[in-house]
Amino acid sequence: MTNTLAKPTGNVSVDTSELSSAGLTRTRRNILSGIGEPVALLGALVVLIAIFSALNPRFATITNLQNVLNQASLPIIIGVGATLVILIGSIDLSVEGVMAASGVAFVLMSANTRGGQDMGIWAFIVPLALGIVLGAANGLIYTLLKVPSFIVTLGMWFIGFGIATILYGTDAYPELTNETLTQWAAKIELGLPNVFWLAAALVIVAALVLRYTRFGRAALAIGNNEDIARANGMPVRKHKVTTFIIAGALSGLAGILATMQMGGTSNHIGEGYLFLTLPAVVIGGTALSGGKGGVLRTFLGVILLTVLNNGLVLAGVSPNFQSALSGAILVVAIVAAAWSQRGRLRIAK
Amino acid sequence: MSLRKTFARATRVAGIAAAVSLFALAGCTSTAGGASSSQPLKKEDLVFVCSVINTTNPYFAANIEGCQSLGKKLGIPVEVVDSNGSSQTEISKIQAILAGGKKAVVFVNTVASSDAPTIVNAVKAAGGFVTIWWNKPDNLDPAEVGNNFVAFQKHSGIDSGKCTTEALSKAIGEKGGIIALPGVQDSTTSATRVAGLKEALATEFPNVELLDVRPSNWDPQLAYKNAKDLIAKYGDQIKGVWTADDGMQIGAMQAFSEAGLLDKVKFVSDGLYPPTIESMKKHEGNDAIVGETFHRGYMASAIGLYTAYLAAIGEIDPSTLPHEKRDSMFKISCVTPDNLDEFLKWDNDVDGWVDQLIEKGPWDTEPVPLVAGGPEVIKPEYK
Amino acid sequence: MTQETSQATTPTLRLTDVRKSFGPVDALKGVSLYIKKGEVIGLIGENGAGKSTLLKILTGIYQPDGGTIEVNGRVTKFRGPRDASAAGIGVVHQEQSLFTNLTVAENIAMNAGGHRTGTRFGFYDWRALNKAASETLEIIGSKLNPKTRVGDLSFVDRQMVEIARAIRTDTSKGGSPLVILDEPTSLLERGETAVLEREIRKLKSFGSVIFVSHRLDEIMRNCDRILVMRNGELVADRVTESVTEDELFKLMVGHASHASKSVRKPVDPKATPILEVYGLSRKGKYQDVSLAAHAGRVTAIVGTSGSGREEVSRAIFGAEKFDSGTIRLDGSEVRGWRIPKAVRKGLGFVPSERKVEGMVGGYSAAENIVLTNPGKAAVGPIVLPWKRNKIAQDWFTTLDVRPNDIGLELDRFSGGNQQKVVLAKWLNDPELRVLVLDHPLRGLDPGAAETVNEQIKKAVANGAAVVLLADTLEEALDMGDEILVMRDGAVTARYDMTVDDPSTLDLLERMV
């Protein structure tokens, strides 16, 4: 850095130049560390891809790329909602319940093997609305009754699951009869599966919202310091409820898509998604304390996890070792990615 | 197994047995009229308890159907226990019913093997009678517990695995690669089916190669993902897909369908769920499904409840029954597209089948007569 | 009480008999005041005198229980911060209230009520936003890049952002803004304060200012009129020319100042210093720093932020690593110098960021006091609550901590009282040998500062060596037995106060 320290002026009062010198050095370091993490994550991803490609030439093929992106799509969509919620410093555990409710509603309102009426577009609108209602309930109970989001959304998980169970009844497993629906998600369009295009579009929209809208910036502000946000007259409650509604709607969408992918559904359709998505959000670098992170990072996190599992299967790692090995690789990758950030904790606010 | 190891195990088993019988003795003294010397219970004092893992899986839904049909026939009320996949829920709900006053005749499809002892002891303490289906710890022997644990019953997993593997191997011309998607890795049901698969390949089809085995936790979506990864890995080397149940088969077929390979690959599985029947009837994917097994949830629950019921009203004395009637394996039938229709007739008349059960008794009703005694042992080479 | 001269113009702000209670506590017992356009009003009072409550009412965070607020002659009710902001009242908080994860421009724009340049239908126009921020920053003479994340800024720069934001309220309206500066200088270095004072003079030209500070000299220098609060009441309203600092002190505290001038003892040439530092260097931070801390003496280090003195003090306490050089304790070199070892050897450290490093906010004050050195409160590893409470109660009495409730979570005390507790934590160590103080008086009102200084002097008298990073040069000159001046990481001057008598100007010349 060039010398920003001013010569003695002889004048007691001035100074901005030399005073901000500390500020400048700090700025430079933080810009580096700010992008350091995603870059390191990307690096970890590249290393994984290189290793897996070397182990099995079929890994680095278009088919497998399509496969990985197809698998990553639903966690990405859920991850967008989860990231927004985590950014405001809350958490949404209701994902699987909402997915179950919307998935079952969707299949029963579409042409399916149980019969019943095909409601056309309503088959999409109603499940999404269900997600929105459950999300709004999350947000309102959380903000109005001041119950921790962890607890509210845990309850909503079971409520969603309960709704799904009631809707499902005890009849036979309902399957979609419309092939266009069941094939849509994995259908290749411009080289990549439809469902991935949808997920990517949502990520981009969410990234733009976070960057360019008052809502998005307010979400970051609330996550950074809720008290200051409130003291600034921000409609904190409104923003929080909105965030939960978005998360609910995205979970609802994921329920629909999962059902389309499976060609049918039961109330267990959402199982496993929550604990696939939350780690991906955190691995991406979104802080559970809120205010820091973003959907692009979550995107990276999901891709990293998906590539890891896909790569281990293709590398022929025994299922007995896969879980332990993928855990170990993750720890190494994250430690490597977070290395540039390790000093940050000491920077006082 | 070394001699010492065998000895060690023998003493351990003996110890547990002693502990269990001691417990049984204690139960005798505290429960009026319990165990073998009991007075037969009156029909109107009975309640049927039908405990299932969840209510949405087709197999468990059929369990309930069987309980209800038998209850209707015999004029005994039926209480359904939905465990919601949780051992906790299962045990607490059963205990609540046991506390209700009536004598319970219980069928349990256990969530986990380890639930069985707790349930058995609870039923015994309440003077009820129980039959456990599918899962129990190997060292929990009905004969050692006493008459209140009437029987443990299941279908042979090894037979299921052999059955489907034979169908699959024949369909692909007895050579080429196949992949297998078992259920939860430590599940006995899954492990025995996989053992059957491996045994059939080793003894009958040396040219069929098992390319990869990916446990998919009975989860259609995990099966879908694993199938996608394996397609990426092996491509058209895969001629056949073996799954441990029809749920996972749905996921796997979706994956192959998306890859445009459904016509070229053959599938076998266990369960013959409604979607599978539909698919077979429609000849989906050029008759993609080539082998299934036939055994039914309503048959299992009705057999289980009926056995316990007979013990409750004193028509059978469990202590005098031979081993295979206390620890039983019932027949499993192999289904192919050709003989599918023969089996579908049962599903259309559950009540009629229950009539036959009452007429012929729990061990001799077609198509699921008693075939062998347990426990089912997996040979180490097929683990 | 408030004297109202006949006014040609209506005051920008007028409060009449404003009251506020919290449960049984009357925080404000009927306060009346007025502020005219172009006036700079000083507001002083001890911690707990009611200043904070008054400011929170002015900014709409609290609603008064009684009385009226008039803005430009019209009776107004502030239902929330937004209303206050819309009325042209902006505030620079004592504890900074910026979003560290957002940019400078956003923080300036994200002002309640103030119209939102740069957003349209909820969408950001970053270019317009950054331009508006640049313009506002220019008014206060700051060249900060509006795109920088606030978290990446130094404390001073953040303060500039705060001021810009408070001014920002105005630009939307033709009216006269009222900017409240709530102890803005308490965390600033001397030179930095000068910048702020220049800002105050600028603000005067188009609005009015309420300036809250504990530094009476600043108040005297900058304000036209001074309001003194005590016990929830306004006890004096004086034109600056008509009062002296001593008078103000008396009005605030209710008694006269009795700070004792330090008696300087020359160093005994035969005595080994407790702690010596030789040629301490850390790349990019400081080079070749040496100093010796003797029992019963205060070594003060002065310098601007960036001079490296903070880093040196942290290295002495083992809180930061250094590249080369040695630290000696009682004449022998120490190895593996880390905080736990430093604490074992009798070092104490009062950090400038006490909230982050100095205390456990969620613990009670009593627990904090015995945290590092349980002393007599502990039997082996077990801390006996009743003994702990007795020790804590003794310290509370000695240091006059308010509220006098040792069980209260430390977070809920005011800054000055927290500082007293943090200090007590170290003073509680009977084996205390070296006390490193990084801005110990930061944010303290004069009464609290006096108490803290007395305790520091007492510790020195009892044979502790003190390394002091003072808030002001006056403080360094008052307390220091030796003064080191640092610039750009190097020691530029040393004064032995038993023989030298440097002026603040001498020090400044070697600082910048």
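Two strands pair if DSSP finds at least two bridges between them. Strand β15 of chain C and strand β23 (residues 482-487) of chain C are joined by four bridges and run parallel. The model is predicted.

**Strand β15 of chain C**
- β15(C) spans residues 298-302, and five of its five residues are buried.
- Val298(C), Ala300(C) and Val302(C) lie on one side, with Thr299(C) and Ile301(C) on the other.
- In a regular strand, side chains alternate between the two faces of the sheet.

**Nonpolar cores**
- The largest nonpolar core holds 212 residues.
- Residues with the most contacts inside this core include Ile77(A), Ala252(B) and Phe211(C).
- Helix α11 (residues 236-262) of chain A supplies the largest share of this core, 14 residues.
- Beyond its neighbours within four places in sequence, Ile77(A) contacts Ala199(A), Leu202(A), Leu250(A), Leu253(A) and Ala254(A).
- A second, separate core has 76 residues, among them Val370(C), Leu399(C), Val485(C) and Met511(C).

**Where chain A meets chain B**
- Here 29 residues of chain A are in contact with 28 residues of chain B.
- On the chain A side, α3 (62-87), α6 (149-168), α11 and α13 (295-314) each give two or more residues.
- α3(A) gives the most, with five residues.
- By type, the chain A side has nine nonpolar, 17 polar and three charged residues.

Key:
Residues are numbered from 1 along each chain as its sequence is written. Chains are lettered from A and ligands numbered from 1 in the order in which they are written. This is a predicted model: local features need pLDDT of at least 70, side-chain atom pairs count only at pLDDT 80 or more; totals for chains, interfaces and linings use all residues. A nonpolar core is a set of buried Ala, Val, Leu, Ile, Met, Phe, Trp, Tyr and Cys residues joined through C-beta atoms within 7 Å. A residue is buried if 20 or more other C-beta atoms lie within 10 Å of its own, exposed if 12 or fewer, and partly exposed in between; C-beta atoms are placed from the backbone. Two residues are in contact if their C-beta atoms, placed from the backbone, lie within 7 Å. Ala, Val, Leu, Ile, Met, Phe, Trp, Tyr, Cys and Pro count as nonpolar, Asp, Glu, Lys and Arg as charged, and the others, Gly among them, as polar.
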